[in-house]
Amino acid sequence: MATIEKITAKKLPKEEILSYGHRACQGCGELLSVRLITKAIGPDMIIANATGCLEIVTSSFPDSAWRVPWIHVAFENAAAVASGVESAIKVLKRKGKLPKDRNITVLAFAGDGGTADIGLQALSGALERGHNFVYVCYDNEAYMNTGIQRSSSTPFGASTTTSPAGKKSIGQHTKKKNLPEIAVAHGIPYVATGCPAYPYDLMNKARKAAAIEGPAYLHVFSPCPTGWRTLSDDAIEIGRLAVKTGVFPLYEVENGKYKLNVKSRELIPVEEYLKTQGRFRHLKEEHIKIIQEEVNKNYELLLKKCECFG
Amino acid sequence: MSKRVGIEVSLGVSEAVKLCNADVVAAYPITPQTHIVEHLSELVANGELDAEFVPVESEHSAMSVCCGSSATGARTYTATSSQGLALMSEIVYIASSMRLPIVMTVADRSLSGPISIWNDHTDAMSIRDCGWIQYFVENGQEAFDAHIMAFKIAEDHRVILPVMVHLDGFILTHMIEPIEFLSQEEVNSFLPEFKPALALNPDKPVTMGPVGVPEIYTEVKKAQEVALKNSKSVILEVWKEFGDKFGRYFNPVETYKIDDAEIALLTMGSFGEPAMLAVDELRKEGEKAGLIKLRLWRPFPIEEFLEATNNLKGLAVVDRAITYGTTGGPVAIEIRNVLYEKKDSIIINDFIAGLAGRDVRINQFKQMYYETKEAVKNGKANEYKFIGVRE
């Protein structure tokens, strides 16, 4: 792996890969994540994008918000399309049709639905085959593009349009699928979680993921004002609360070694996080207690992993 | 130098793909396509073919990988069959609309259910409207030649469309046949290097697969239809060039003893050979029998088909798939449509035959002929029927 230059406030790349003028909602955490990640990696990249908000808001023909080569084929196959792009680059380099020393990053973007549900098989296949690419799941915890339906990445207690809270339901009654751990289970060289509320952490992880040979998986917590029913200027605040409460800890797993990137001496109670969002408004004290216990348990487990496999 | 070898047809196909110097092969195993991709992975493993073999986890991903690699400018190949084709069909449609010149072999096999590994055209007909160039081959030699021509047609800048070569599962894929190989030099002299019209390259960014809003979707689809229709002239040109160079000609509509024929059988794929034998026997019986073998399926060769049927009074269509709940099989429905102007002069009888590898014997082809002759005499087509079915 080449030495990676760390991004700091003074060494912030100026070049924007994702243009302004796209059609995302105000205050979208997802587009911010994508902007930071692409900025960090730089223009020598090819993007394979799953169907979803990102694809819709950036590619309405004849407009395009992409300053790099970008391809969208379907919903569940971003990892497979990226596999194809990567395989082509490899063989074209070998045959002298692309410069051998050219370091083109292949980047796949998909949402939580396109990753945790419909695209899980394609992702697993691509990670297992060991393609040299970066897969980014921008997780806004539901199918936002189709109108806020639950996914397997929707957290317990969230009200969505297909897991609505009602007299006989607290909303989503299942636990959020742990995608980063599924990626880790493939034994790939790099897995990390990120959040645009911690831009330098996210950008440096993106840069590292691109530099590492082999598959890298980034799971990015992307607050969605529309789907989470928050104000449009809340994304950063909510992202910070998610990390500080332990709801979404920022960590990385490099060649099996766990590292917690943002440490809190003491976690803030999850209620502080939950109360910022309309999707949790219906929750009662007993539900919040369940969520708190789950967060504590998961956080402790993560700390133990960092301790044992750090 | 050309050499004639006895080889399993699947292996002949893989060797053709090797001679075409494919860059990326992405495939998932499914009977009866397996021998093709096994042999290709072997050729890659032995260093005889410098390609990336991507052993994907599903056919859906096979076609998705193909889209990614073709879009990046690599010559791309895959093969599938039946359920595999059904699973990848979502992306099959997208590949043609994105104008990606992928070549795919379909080892035709029936669709579930009930599950069956044997040959018919129910898989082919399920993706009839996918917008690919599609043609059928009849024997091992044609299978070999068809692939070398397929890359040239697909990648021609006047075409830029994917090509699907239909090859009957088992009946062809698993037969050992004599195939006259072309040398690498011969293939190189025929097939130029792949130069994509557009490729994903950071030096010249391009957005592929954007959203098609209502204001643009219809125009895109019209353009795709025009491209597929226009591809016919290039297909004919490439087939002729191949014939002039190597002595083996492909025609969109192949005919056998058609000139003075009054009633003809119509087949697609490997059924052409037993049907020829049936025609020979019928001729011996004094019948004015002929045979039409429809090779080019998409774009449909309307002019050539009208010409081939010009003097016919009756046509017995051998359909190897069903279109449930309507007037017969998909081929007959299409043929009736193409021959609509001639509806008063030609009787079209439809026979659904050879589903899931069920043998269709010479005398059954003759039966179809005689039933059609009877219908011509009565001046009225029969309702479609299943040949050899136990009721």
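Mentor: Two strands count as paired if DSSP finds at least two bridges between them. Please keep in mind that the model before us is predicted.

Trainee: In which sense do S2(A) and strand S9 of chain B pair, and over how many bridges?

Mentor: S2(A) and S9(B), residues 207-208, pair in the parallel sense, over two bridges. Within S9(B), Thr207(B) is the bridge partner of Trp70(A).

Trainee: How is the size of an interface expressed, and what is the area buried between chain A and chain B?

Mentor: The accessible area lost when the parts come together is often given as the size of an interface. Between chain A and chain B, about 3100 Å² is buried, with carbon and sulfur atoms giving 60% of that area. Of the area that chain A buries against chain B, 17% is supplied by Phe61(A), Lys95(A) and Arg129(A), more than by any other three residues. The contact involves 43 residues from chain A and 41 residues from chain B.

Trainee: How many salt bridges and how many residue pairs in polar contact link chain A and chain B?

Mentor: The count of salt bridges between the two chains is six. One of the salt bridges joins Arg129(A) to Glu57(B), with the closest N and O atoms 2.9 Å apart. Polar contacts across the interface of chain A and chain B amount to 18 residue pairs, both residues at pLDDT 80 or more.

Trainee: Which elements of chain A give two or more residues to the side that touches chain B?

Mentor: They are strand S1 (45-49), helix H2 (53-58), strand S2 (70-72), helix H3 (78-94) and helix H5 (120-129) of chain A. H3(A) gives the most, with twelve residues. By class, this side of chain A has 22 nonpolar, eleven polar and ten charged residues.

Trainee: Is Thr58(A) buried or exposed?

Mentor: A residue is called buried when its relative accessible area is under 20%. Thr58(A), in helix H2 of chain A, has a relative accessible area of 3% and is therefore buried. Beyond its neighbours within four places in sequence, Thr58(A) is in contact with residues including Leu18(A), His22(A), Trp66(A) and Trp70(A).

Trainee: Which residues form the covered and the uncovered face of strand S10 of chain A?

Mentor: In S10(A), residues 257-260, Tyr258(A) and Leu260(A) make up the covered face, while Lys257(A) and Lys259(A) make up the uncovered one. S10(A) pairs with strand S9 (residues 251-254) of chain A in the antiparallel sense over four bridges, and Lys259(A) stands opposite Glu252(A). The hairpin of S9(A) and S10(A) has two residues between the strands, and Asn255(A) takes a positive phi near 50° there.

Key: Residues are numbered from 1 along each chain as its sequence is written. Chains are lettered from A and ligands numbered from 1 in the order in which they are written. This is a predicted model: local features need pLDDT of at least 70, side-chain atom pairs count only at pLDDT 80 or more; totals for chains, interfaces and linings use all residues. Side-chain values use heavy atoms; hydrogens and water are left out. Contact means heavy atoms within 4.5 Å. Buried area is the accessible area (1.4 Å probe) that two parts lose on being put together, summed over both. A salt bridge is a side-chain nitrogen of Lys or Arg within 4 Å of a carboxyl oxygen of Asp or Glu. A polar contact is a pair of N or O atoms within 3.5 Å; within protein, one must be able to donate a hydrogen and the other to accept it, and residues adjacent in sequence count only if both atoms are side-chain atoms. Ala, Val, Leu, Ile, Met, Phe, Trp, Tyr, Cys and Pro count as nonpolar, Asp, Glu, Lys and Arg as charged, and the others, Gly among them, as polar. Buried means under 20% relative accessible area, exposed over 50%, partly exposed in between (1.4 Å probe, protein chains only).
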